[in-house]
Amino acid sequence: MSDDDDLTPRFCREAQAQLPFLVSGELTGWGARVVRAHLKRCEVCRGELRRQEELSSALASLRDTPPEPPPGLLDDLLRRARGGSARERAAVPARGAVSGARPALSVAFLTVGAAASTGLGYAAYRGARWALGHRKP
């Protein structure tokens, strides 16, 4: 907990924690009414709401028009993949993970690996359950 959290009233902290859900439309009903009522009285939280809305708008614009990769990125990656020994080629993604130079790339590889292994494991589990359920006695 930071020093700012100690100075922010508890209800403001709780309302601000709900703002992303309010902006995305996930907060509805009584919870949304309570947060909106607080926003009418609290300038600090209204400012945070504006910041959350700007962030949401910026992320939506990225979704609509994804950024272009830098020119020559594919050529550079292919050149790196072709050069050096097999050990050097295999170490290219790992260098970022060890040095911290490419944390986003490392997280992407870990996420894809986890999703793939989870999906394969789940498919194998479902296949085994189906096979056991349909075997002949």
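Guide: What follows is a set of questions and answers about this predicted model.

Visitor: What does the secondary structure of the chain come to?
Guide: The chain has seven helices and zero strands. Along the sequence the pattern reads α-α-α-α-α-α-α.

Visitor: How many of the residues are buried?
Guide: The chain has 137 residues, and 12% of them are buried. The chain exposes about 11,100 Å². Carbon and sulfur atoms supply 62% of that area.

Visitor: What makes the buried residues of α3 line one face?
Guide: The buried residues of α3 are Ala32, Val35, His38 and Leu39. Down the axis of α3 they fall within an arc of 125°, so they line one face of the helix. On the other side of α3, Trp30, Arg33, Lys40 and Arg41 are exposed. The cover over the buried residues of α3 includes α2 and α4.

Visitor: How does the reach of α4 compare with the expected value?
Guide: Helix α4 runs over residues 43–64, which is 22 residues. From first C-alpha to last it reaches 32 Å, close to the 32 Å expected at 1.5 Å a residue.

Visitor: Which residues of α4 are buried, and what puts them on the same side?
Guide: Cys45, Glu48, Leu49 and Gln52 are the buried residues of α4. Their arc around the axis is only 105°, which puts them on the same side of α4. Glu54 and Asp64, on the other side of α4, are exposed. What covers the buried residues includes α2 (10–24) and α3 (29–41).

Visitor: Why is glutamate 48 called buried?
Guide: Buried means under 20% relative accessible area. Glutamate 48 has 17%, so glutamate 48 is buried. This residue is found in helix α4. Not counting residues up to four places away in sequence, glutamate 48 touches Gln16 and Leu19.

Visitor: Why does glutamine 52 count as buried?
Guide: The same test applies. Glutamine 52 has 14% relative accessibility, so glutamine 52 counts as buried. Glutamine 52 is in helix α4 too. Leaving aside neighbours within four places in sequence, glutamine 52 is in contact with Leu19, Pro20 and Val23.

Visitor: Why does phenylalanine 21 count as partly exposed?
Guide: Partly exposed lies between the two cut-offs: under 20% is buried, over 50% is exposed. Phenylalanine 21 has 38% relative accessibility, so phenylalanine 21 counts as partly exposed. Its place is in helix α2. Not counting residues up to four places away in sequence, phenylalanine 21 touches Glu26 and Leu27. Phenylalanine 21 and alanine 32 are 11 residues apart in sequence and 9.0 Å apart in space, C-alpha to C-alpha.

Visitor: How many disulfides does the structure hold?
Guide: The structure holds zero disulfides. A disulfide needs two cysteine sulfur atoms within 2.5 Å.

Visitor: Are cysteine 12 and cysteine 45 buried or exposed?
Guide: Both are buried. Cysteine 12 has a relative accessible area of 8%. Cysteine 45 has 1% relative accessibility. Leaving aside neighbours within four places in sequence, cysteine 45 is in contact with Cys12, Gln16, Leu19, His38 and Leu39.

Visitor: What makes a set of residues a nonpolar core?
Guide: The members are buried residues of the nonpolar kinds, joined through side-chain atoms within 4.5 Å. The largest nonpolar core here has 10 residues: Cys12, Leu19, Leu22, Leu27, Ala32, Val35, Leu39, Cys42, Cys45 and Leu49. At least two residues of this core come from each of α2, α3 and α4. In soluble globular proteins, nonpolar side chains tend to be buried together.

Terms used: Residues numbered from 1 in each chain as written. Predicted model: local features only at pLDDT ≥ 70, side-chain atom pairs only at ≥ 80, totals over all residues. Heavy atoms only, no water. Helix = DSSP H or I, 4+ residues; strand = E, 2+ residues; numbered from the N terminus. Expected span 1.5 Å × (residues − 1). Buried < 20%, exposed > 50% of the residue type's maximum accessible area, 1.4 Å probe, protein only. Arc of directions from axis to C-beta. Contact = heavy atoms within 4.5 Å. Areas by Shrake-Rupley, 256 points an atom, 1.4 Å probe, with all protein chains shown as cover.
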